[in-house]
Amino acid sequence: MTETSTSPAGDIGVDLDALRKYMAGELPEIDSSELRIELIAGGRSNLTYRLTDGTRSWVLRRPPLGHVLATAHDMAREYRVMSALAPTAVPVPEVVLLCDDPHLIGAPFYLMRDVAGTVYRTGADTADLGPVRARRISFALIDALAELHAIEPHAVGLEGLGHPEGYLTRQLQRWSKQLAASRSRDLPDLGRLRDRLMGAVPPDRAGAVVHGDFRLDNTIVADDDSLAAIVDWELSTVGDPLADLGLFAAYWDGLAEMPGNPLAGGVSAEAGFASSAELLGRYGRRSGADLSDLSWYLAFGFFKVAAILEGIHFRYRQGKTVGSGFEHIGALVEPIAAHGLSALSG
């Protein structure tokens, strides 16, 4: 998993001595005394680290420090979903170990093999791609999302991961609850957006495996511009696939239009990426899905992003974030909510 930058982490958020002992028992072929760890820069939710023994490398994922809701940051869920999808055409990292003991390193965690490729996070990362490569990456993403949604959950043992009946209402309730638990200020537009979404929930659709946070910087792109892996499955479930599509569109065009937005992920027309309209049309042709009420899903995508960012802002105010770049997150919440209201009115 090649990043644009990393920052030394030592044992921030990880008891390295305990981890060395654990890996020596579970992976006796490695020299755990040589194990080194660094925090991978860019993560704003779960903490992600690269481990190496000088010869091989792995990636470790653990929940964030401090304020964590019971239903969020589920390491076992990520591990289960990637294990289930490994035999399919959906590209995922190879998972190695799951430790659900919260006391070993300070939180539950899992290990996966490091994946060769690039994570595109910023405009600087994508500026030199050129339109041919940018469009190729655009199509690789939307095709992978259609491939994911085409998988029958029961065929890969994920039918119990979620309940598609009433999925959208439960999602709104869940994110409203998360927002209430992370809220320390008045956010009128976000409240209005929640109320309008609640008043117009679309009917249930057939359940599919939903990633829950599908965007460019949650993928690893191979040198040939195919997807080497989709990562960050902490919000995955079985539910309405158009929730993934609406969120993808919110990130792809809507959030990219906001100056200084760290969630833009480097996507822009200037860099040569296909528009969300073109990509949604491609998804519709591949999947056969009815996209006539996509505006609701787009607005819900904005609501979800705003709720996530408010949670990050809350942890930042508590001093519970690791890394830099969090100081401007809170200022984005209400403008994102306004985008959601505009999507519903459009």
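**Ground rules**

I'm working with a predicted model, where local features need pLDDT of at least 70, side-chain atom pairs count only at pLDDT 80 or more, and totals for chains, interfaces and linings use all residues. Residues are numbered from 1 along each chain as its sequence is written, and side-chain values use heavy atoms, with hydrogens and water left out.

**Aromatic pairs**

I searched the whole structure and got seven aromatic pairs. To pair, rings of Phe, Tyr and Trp (its six-membered ring) need centres within 6.5 Å; planes under 30 degrees apart are stacked, over 60 edge-to-face, and the rest tilted.

One of them is Phe214 with Phe248, a tilted pair with 5.8 Å from centre to centre and 40° between the planes. Phe214 sits in the loop between strand S7 (208–210) and S8, while Phe248 is in helix H7 (residues 241–254), so I noted a link between distant parts of the chain, 34 residues apart. My helices (H or I, at least four residues) and strands (E, at least two) are DSSP runs, numbered from the N terminus. I found both Phe214 and Phe248 buried.

Next I checked Trp252 and Phe273, which pair edge-to-face, 5.6 Å centre to centre with 90° between the planes. Trp252 is in helix H7 and Phe273 in the loop between H7 and helix H8 (276–287), so this pair ties together parts 21 residues apart in sequence. Trp252 is buried too, at 2% relative accessibility. Ring pairs then link Phe214, Phe248, Trp252 and Phe273 into a cluster.

**Charges over rings**

I also looked for a charge over a ring, meaning NZ of Lys or CZ of Arg within 6 Å of the ring centre and within 35 degrees of the ring normal. Arg215 has its charged end over the ring of Tyr251, 4.7 Å from the centre. Arg174 does this with Trp175, at 5.2 Å.

**Salt bridges**

How many salt bridges does a search of the whole structure find? I got 23, counting a side-chain nitrogen of Lys or Arg within 4 Å of a carboxyl oxygen of Asp or Glu.

I picked out Arg61 and Glu78, whose closest N and O atoms are 2.8 Å apart. Arg61 lies in strand S4 (residues 57–62) and Glu78 in helix H2 (residues 75–85), so the bridge ties together parts 17 residues apart in sequence. Both Arg61 and Glu78 are buried.

Arg113 bridges to Glu94 at 3.9 Å, N to O. Arg113 is in strand S6 (residues 109–113) and Glu94 in the loop between H2 and strand S5 (95–99), so parts 19 residues apart in sequence are tied together. Arg113 is partly exposed, at 31%.

Arg183 meets Asp186 in a salt bridge of 3.8 Å, N to O. Arg183 is partly exposed at 29%, and Asp186 is exposed at 61%. I also found one network, in which salt bridges that share partners join Arg61, Glu78, Asp232 and Glu234.

Most residues other than glycine have a negative phi. Asp232 isn't a glycine, yet has a positive phi of about 60°; I placed Asp232 in the loop between S9 and strand S10 (237–239). Asp225, also not a glycine, has a positive phi of about 75°. Asp225 is in the loop between strand S8 (219–221) and strand S9 (227–230), and is buried at 1% relative accessible area.

Key
Buried < 20%, exposed > 50% of the residue type's maximum accessible area, 1.4 Å probe, protein only.
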